[in-house]
Amino acid sequence: MPLAVQSAALPSGAPAAAAPVTGPPVALACLTAGKTKLVERDEELASLDRLLADSLAGRGRVALVSGPVTSGKTELLQTFMERSTPSGPLVLSATCARGEHVFPLAVLSQLVLNGALPSDVRRPVTRLLDKAASAISASGAESGTAHLALAQALQGLCLALLELAEDTPLLMTVDDIHLADPASLEGLLYLVRRLRSARVLMVLTENAHLRPGNSPLRVELLRQLHCERITVGPLSRRGIAQLLGERHGHLTAWRLAAPVLAISGGNPLLVRALLEGSSWRSHTGDIVPGPAFGQALLSCLHHCETALLHPARALAVLGSCATPAAIAQLIGADVSVAVRALEAMNAAGLLDDGRFRHPAARAAVLKDLSPEHRRDLHVRAAPMLYDQGAPGEVVARHLLAGSLPARDQWAVPLLRQTARQAMMDNDVELAVDCLRLAHRSCADVADRAAIRAGLAQAEWRTSPSAAARHLGPLCEAMRAGHLGHRDISALIRQLIWHGHVDDAVAALDRMRTAPAGQHVEADAELHGTELWLVCSHPPLARRRHQPAMAAMAAKQQDTLVTLKMAPWTQSASALATVLARGHDSEAISRAEQVLQNARLDDEPPWAPEAALLALMVLIYTDRGDTAGPWCDRLTAEARTHGAVAWQAIFTGARAEIALRQGDLPTALARATSALDMMSPSSWGVNIAQPLSCAILASTRMGRYEEAGSYLARPVPDAMFRTRFGLHYLHARGEHYLAGDRHHAALADFLTCGELMRTWGLDTPGLVPWRTSAAQAWLRLGNRDQARQMVNDQLSRLGTDRSRARGLSLRLLANCSEPRLRPQVLTEAIDILEDRADRYELAHALADLGGAYRLLGKHRRARMMVRRAWHVAKECEAAPLFQELLPDPPDAHRTAQAGSETSRRIAALSDAERRVAALAVAGHTNREIAGKLFITASTVEQHLTRVYRKLDVKHRKDLPASLHPDMEHTP
């Protein structure tokens with residue numbers, strides 16, 4: 001129980017104040033070492049002492065000690081007997097047991113055979129009792145012979161004991177009198193009626209609530225004036241604190257007492273079990289019950305056998321749906337039996353208002369059941385609760401616990417509905433379990449196929465490789481005509497994911513040959529699938545050369561297309577348009593709309609791919625700053641939903657965003673994290689996406705061996721017929737280029753180009769294969785071929801200020817005369833700054849520095865090289881920043897320039913210096929505004945004043961000494 005529960009005002013005598021208790025968990029076993037004294041039983045002992053004093057004075061007394069099961073009655077009785085011995089009474093004791101109630105006079109025999117009874121009294125009485133017991137066993141309790149023998153035995157016993165009491169006071173105790181045999185009960189009542197003037201105290205204990213309130217024994221006893229009832233209740237918080245106080249400080253004992261009371265209900269047996277085998281989280285005040293607690297609880301239940309044990313088991317199985325009527329029906333008893341059992345367990349502290357006080361209690365009861373018995377209870381509970389209108393999930397969980405195929409007609413639909421709801425509630429495990437049982441229980445072939453399709457889609461969320469085992473049976477069901485259009489569409493995605501292209505083609509043919517116009521939703525599903533193929537697996541697309549037309553068709557689709565299909569079709573259409581045309585404002589707008597409404601728990605199960613396709617639209621159109629937050633949100637949502645596959649996919653997409661922003665460490669970390677989330681077999685052909693990011697990022701960071709290890713990983717051949725394979729080929733080409741394998745690199749780049757042209761997806765936003773090929777041609781010394789590649793790229797881009805244009809301009813400058821390079825590189829730098837690609841910005845700055853050096857403008861050259869060094873350092877592009885070492889300085893000229901620059905920098909305000917420093921580091925105006933929590937307009941105003949004070953015209957002319965890490969410059 002949390003400490004907050006203990007914050008109520010303390011009763012008198014409790015510690016007055018306390019600071020929060022902190023520290024590691026405390027083992028409670030150390031708190032109760034040794035024998036624990038009896039607490040909170042002073043009033044009961046005083047009553048027994050008074051009754052003993054009356055009996056010693058010749059006024060016979062009877063005490064009926066009543067209380068719930070294991071409430072400490074026996075301990076009270078033992079303590080009283082021990083403290084009464086010095087007073088001189090002769091103690092005759094007996095303990096009843098449930099198994100002995102079939103033996104006549106068993107309890108009276110225990111009393112008589114007590115070693116303290118004189119032999120001259122014991123022998124004759126024993127003979128009488130044996131004779132009566134034999135008569136009852138031989139002829140039955142109702143026979144005349146048995147009545148006569150019993151009467152003689154009881155008369156002899158009574159006379160002998162009363163005569164003995166005249167000389168020696170007697171203390172007769174019988175524990176658990178409610179378990180005594182009928183003949184012994186009759187004999188005890190016979191004695192009770194005759195000891196009113198004898199020096200005899202009879203103390204009987206009974207468990208309350210286990211028998212009807214007006215049992216013959218209790219009625220007869222309580223109508224006797226010399227009989228008194230003593231009630232024993234559970235321990236209070238103060239009593240529990242007393243138990244703890246001997247071994248702990250009073251303050252800690254008082255704090256511990258509250259959670260102990262909450263879990264045990266004050267039942268002494270449970271209290272001691274908690275204190276002996278549990279641990280205490282002192283920083284929260286919680287008790288973690290140990291094994292001893294469960295064992296003690298079971299001891300309480302088994303002590304009463306069927307009276308409490310069977311109802312407690314039913315309660316544990318039924319959980320929150322347990323009612324007296326349900327418990328009674330489950331155990332096959334009358335409702336009154338269940339009510340009485342619940343009352344008894346409530347009184348004993350085992351339950352709190354008919355519910356287990358702690359999950360450990362219910363777990364112990366369930367564990368005590370044999371697997372067969374537990375399964376049987378769940379099997380019987382499911383239809384009972386269904387008939388009572390219990391929630392579907394509750395009924396489904398009982399069906400699952402029964403682990404047998406469900407035969408009722410309502411079971412399979414209920415399991416399927418529960419699975420759908422579980423998917424929406426992020427409980428993939430429950431959904432999978434329900435669908436597995438539904439599949440085992442379903443007899444209809446078509447329904448079994450649909451259930452298997454749903455099962456494959458549910459399992460895919462956590463393990464695509466595990467879901468792959470369903471592909472063969474699903475293909476057979478598809479060929480037999482047992483799958484619907486939506487299930488076939490999902491099957492196509494899974495088949496392609498795992499590289500089963502031939503089976504995917506067969507499924508596509510079945511969708512394509514279905515009569516058009518008969519089912520609007522089927523037509524829409526086919527249309528969405530075709531669009532998805534255009535932008536993800538182009539060789540399989542029917543109209544792969546006309547993605548723009550496909551996008552137009554998507555917009556003109558029949559208005560009856562369901563809203564659940566709209567996001568999928570919308571994002572696939574937008575991506576197909578972008579891959580065919582490049583930048584398209586309407587496509588970007590549609591993608592953002594999909595992301596605004598995206599939910600990973602929407603139906604159909606592949607709906608998250610609509611969000612993924614929309615993300616790729618933003619990524620391929622250089623909107624990484626917008627795509628990043630969306631991707632982070634989707635990744636977090638996938639993690640919350642337990643959708644491991646989608647979490648890995650979105651993490652890989654985040655790596656792609658970081659890579660295009662030049663954030664190499666983040667790109668590598670996200671890519672490796674994505675790869676670690678799933679096995680290669682689970683990644684299927686899509687492994688190319690995170691793998692290409694890892695290869696490219698590690699290559700650009702100079703980790704060539706690590707990049708080589710990623711390249712050495714086996715990949716499926718089908719991957720090279722997908723959009724993801726283009727990324728892999730490009731990354732491999734970059735790695736080859738960095739390792740001076742120029743021809744191999746050029747081959748990969750040209751292969752990319754050939755595939756993209758063939759597929760009708762020749763847009764540099766996807767893969768900038770022309771600029772990469774131009775780099776390879778330059779390394780091979782073929783400047784003309786490089787220039788042709790770059791010019792071809794620029795002609796396709798037009799005037800769009802895309803990241804691809806920035807890359808192309810940088811390469812164009814390298815193909816141009818030195819005097820033309822600064823102007824071209826300046827435009828490239830402005831574009832790359834605007835598109836926030838710091839890695840390519842560092843290269844452009846370095847190239848501009850080299851151009852200035854060739855033109856003899858050494859001051860500007862050094863300034864650009866320093867800026868390039870800092871940007872490359874931030875990217876951790878080790879090969880680049882290690883090459884960008886400053887030229888040997890001219891001491892006089894450097895000192896003079898440095899002095900003048902320092903004077904001008906000193907004139908800047910703090911705000912202007914912060915803005916200028918971030919600008920030198922390569923941040924865009926928008927990024928500077930975000931970092932400094934100011935508006936973009938304020939950034940522009942600060943930069944204008946900075947330019948004027950430093951006498952420069954452009955951002956690229958800002959002195960590198962403004963960089964915040966300038967002191968680390970080599």
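Student: In which helix does Asp167 lie?

Tutor: Welcome! This is a predicted model: local features need pLDDT of at least 70 and side-chain atom pairs count only at pLDDT 80 or more, while totals for chains, interfaces and linings use all residues. Residues are numbered from 1 along each chain as its sequence is written, and side-chain values use heavy atoms, with hydrogens and water left out. Helices (DSSP runs of H or I, at least four residues) and strands (runs of E, at least two) are numbered from the N terminus, and Asp167 lies in helix 5.

Student: Is Asp167 buried or exposed?

Tutor: Buried means under 20% relative accessible area, exposed means over 50%, and partly exposed is in between (1.4 Å probe, protein chains only). Asp167 has a relative accessible area of 66%, so the residue counts as exposed.

Student: Which residues form a negative surface patch?

Tutor: Patches are made of residues with over 30% relative accessible area and no salt bridge, joining like charges within 9 Å and nonpolar side chains (Val, Leu, Ile, Met, Phe, Trp, Tyr) within 5 Å; the areas come from the Shrake-Rupley method with a 1.4 Å probe, and for residues only the protein chains shown count as cover. Lys and Arg count as positive, Asp and Glu as negative, while His and the chain ends are not counted; a charge is placed at NZ of Lys, CZ of Arg, CG of Asp or CD of Glu. Helix 5 (residues 144–167) supplies the largest share of the negative patch, 3 residues. The patch is formed by Asp120, Glu163, Glu166 and Asp167.

Student: And where is Lys857 found?

Tutor: Lys857 belongs to a positive surface patch, together with Arg859, Arg860 and Lys953. Its relative accessible area is 39%, so Lys857 is partly exposed. Lys857 sits in the loop between helix 42 (838–854) and helix 43.

Student: How many salt bridges are there?

Tutor: A salt bridge is a side-chain nitrogen of Lys or Arg within 4 Å of a carboxyl oxygen of Asp or Glu. Counting by this rule, the number of salt bridges is 37.

Student: How many residues apart are Glu459 and Arg469?

Tutor: The side chains of these two, Glu459 and Arg469, meet in a salt bridge of 2.9 Å, N to O. The pair links distant parts of the chain, with Glu459 in helix 20 (residues 445–460) and Arg469 in the loop between helix 21 (464–467) and helix 22 (471–479), and the separation is 10 residues.

Student: Which helix holds both Glu637 and Arg633?

Tutor: A salt bridge of 3.6 Å, N to O, joins the side chains of Glu637 and Arg633. Glu637 is buried at 16% relative accessible area, whereas Arg633 is partly exposed at 31%. The two are 4 residues apart, about one turn of the helix, and both lie in helix 30.

Student: How many residues apart are Glu833 and Arg867?

Tutor: Their side chains meet in a salt bridge of 3.1 Å, N to O. Glu833 in helix 41 (residues 821–834) and Arg867 in helix 43 form a pair that links distant parts of the chain, and the separation is 34 residues.

Student: Which residues do salt bridges join into one network?

Tutor: Here the salt bridges share partners. The network joins Asp762, Arg770, Asp792 and Arg796.

Student: What value is phi of Glu40 near?

Tutor: Most residues other than glycine have a negative phi. Glu40 lies in the loop between strand 1 (26–27) and helix 1 (42–56) and is partly exposed at 26% relative accessibility. Its phi is positive, near 55 degrees.

Student: Is Asp622 buried or exposed?

Tutor: Asp622 is another residue other than glycine with a positive phi, near 65 degrees. Its place is the loop between helix 29 (608–620) and helix 30. With a relative accessible area of 15%, Asp622 is buried.
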